[in-house]
Amino acid sequence: MLIIEILRQHKRNQVLGATLGEALISNARPQLLQSSPPSADQIVILDFLGIKDTNSSYLKATFVWLLLCGELSASEQTMTRGLADDADEGDPFKPIPLNVFPLVAHLSRNVSQELDELLNGRKLPCLEAITWTKDRVISARLHGYLDEPLSRTFSNLIESGSGTATQLQAQYPEMITPNAWSNRLLELYRLRLIQRHKESREWIYQPVAKELING
Amino acid sequence: MNLDARCIDNLREMVNERQINDLDTIQLDGITLNAILELVCCRWVWEKAKDHVGIRLFEKFAQQKPFLYDVWSQLTGDHVRSDNMVSNFGLVKLETRGIMNANDIIEPAWSLFEDRFRRSLIDSGFSSRLAQALAGAFHEMTDNVAQHSEKNTRTANGVAGYFVCQQWMTFSVADVGRGVLKSLHDNPNWRHLTNSKDALLAAVNEYASRRGDFHGDGFKEVHKALAGLNGLLRFRSGDGVLHMDGRSGPINVHPGFSPQLIGLQLSITCTLDKNLDERLI
């Protein structure tokens, strides 16, 4: 698990603009590159402790960039079209496939508002880590947008702790096929809310955070 | 004579057309902040083209307003950190600063520069919330200079400045980089744009970005900060210009053509009362 302490990196309590965000990512790049596929999953927490204000350009250059990298890594594995497909080829900050699961932590009211506005506008979810150990997020709060079926599937998986599409279908009967369960889980995986590993021929999914705090 | 940014457009045309004959009779009384920044960008082009008429015109103005020399050296990076300030009992009301690369924007000195702007606004009657929003918009516009700098070298030649009076403020940002049209051509979604005027409209009104759809919020910050205020905005790049006037309710957009000049030059002026007239330096 990689924790990036923003205040320690920038030494200021207001973090604005894409350029500053790119500087944060550049500094963390060597550690992030260790997550190049097919490496193991890496949870990355952007810790906003002590940060009073931010803006959407900064959040896009940091959190959204990490999300796009994670999404690209998931797309490479699943061969689906990614969010970052229209990025410029010559751009040094073009998203690259990284097997990362980005979260944020210690959001002030202003930072939380700015993040929610950005996520809702882009229909993206994000987990705010509340408690964690050195290798696992224990509890988290969901920010942003997650549609109703995905939200239900996410809650089901958190309740179960882990499971395959077939197990979830058996445990939470809905009028949908196992394939539909599989697609929802795949979408949550692409959005970096859940992790997965293969056992024999089936994918076993588990949420990035063990518990979800409401509100 | 007094010079504003529109006068600089005319002067550039006159230099191009060799219509300036007698420099000795020119007397510069006052100049707006955006005219200063656009004039130093013109000097950059005249210097590269070895246009002696243009250079002599600049020199003539600068002899009368030496502040122009300071801003010129900030744009070229000749005098690193040649900050200039006009302060009023410790609060800075007029200040410009050069941007040579991305590091300039993220170093602590830049934060202090922006903070002086924010504090000057508060001292001049702006609420703390509005001052914060305007300082945020100023940051986004200066950040654009670094973001739109040369792709390979990441270097930029830009300058940013603010001028604050009682219940009135302007800030201006100018660079001599690629300009909006070329920059947007990095993004396949905007490659259909063929002229600078349309590129400015796309960037300012549709939040077009050289990157994917997940970027381009800089101008959104400006619109957000200025919502409900009496504001005048000018964006100029290549041979395009966009004037936006928010004096009477919703912002009216007036796109047009301007004599060719590289880079992007912009200014945002707003007031808490009704008098939006540009102030002279």
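In chain B, helix H10 is followed by Gly228(B), whose phi is positive, near 80°. The structure described here is a predicted model. H10(B) itself spans residues 218-226. Its buried residues are Gly218(B), Phe219(B), Glu221(B), Val222(B), Ala225(B) and Leu226(B). These residues lie on the same side of H10(B), because they cover an arc of only 150° around the axis. An α-helix has 3.6 residues a turn, so residues three or four places apart point the same way.

Positive phi values also occur in chain B at residues other than glycine. Lys50(B) is one of them, with phi near 50°. Lys50(B) sits in the loop that links helix H2 (33-48) to helix H3 (52-64) of chain B. With 8 other C-beta atoms within 10 Å, Lys50(B) is exposed. The cut-off for this class is 12 or fewer. Gln167(B), also not a glycine, has a positive phi near 60°. Its place is the loop between strand E5 (155-165) and strand E6 (168-175) of chain B. Here 14 other C-beta atoms lie within 10 Å, so Gln167(B) counts as partly exposed.

Chain A contains an open sheet of six strands. Their order is E1-E3-E5-E6-E7-E10, and the pairing is mixed. Strands of a sheet pair through backbone hydrogen bonds, either parallel or antiparallel. The edges of the sheet are strand E1 (2-5) and strand E10 (209-213) of chain A. Each of the two has a single partner strand, so one side of each is left without a neighbour in the sheet. From one strand to the next, the twist averages 40°.

Strand E8 (residues 194-199) and strand E9 (residues 202-207) of chain A run antiparallel and are joined by six bridges. Gln195(A) has Gln206(A) in E9(A) as its bridge partner. Two residues lie between E8(A) and E9(A) in the hairpin. In the turn, Ser200(A) has a positive phi of about 45°.

Chain A is divided into two domains, domain 1 (1-139) and domain 2 (146-215). Taken over C-alpha atoms, the centres of domain 1 and domain 2 of chain A are separated by 22 Å. The contact takes 18 residues from domain 1 of chain A and 13 residues from domain 2 of chain A. On the domain 1 side, helix H3 (56-78), E5, E6 and E7 of chain A each supply at least two residues. H3(A) gives the largest share of that side, with six residues. By type, the residues of domain 1 of chain A that touch domain 2 of chain A divide into 12 nonpolar, four polar and two charged.

Conventions:
Residues numbered from 1 in each chain as written. Chains lettered and ligands numbered in written order. Predicted model: local features only at pLDDT ≥ 70, side-chain atom pairs only at ≥ 80, totals over all residues. Pairing = 2+ DSSP bridges. Helix = DSSP H or I, 4+ residues; strand = E, 2+ residues; numbered from the N terminus. Axes fitted to C-alpha atoms, helices over the stretch in contact; angles between N-to-C directions. Domains from an automatic or database assignment. Contact = placed C-beta atoms within 7 Å. Nonpolar A, V, L, I, M, F, W, Y, C, P; charged D, E, K, R; others polar. Buried ≥ 20, exposed ≤ 12 C-beta atoms within 10 Å, placed from the backbone. Arc of directions from axis to C-beta.
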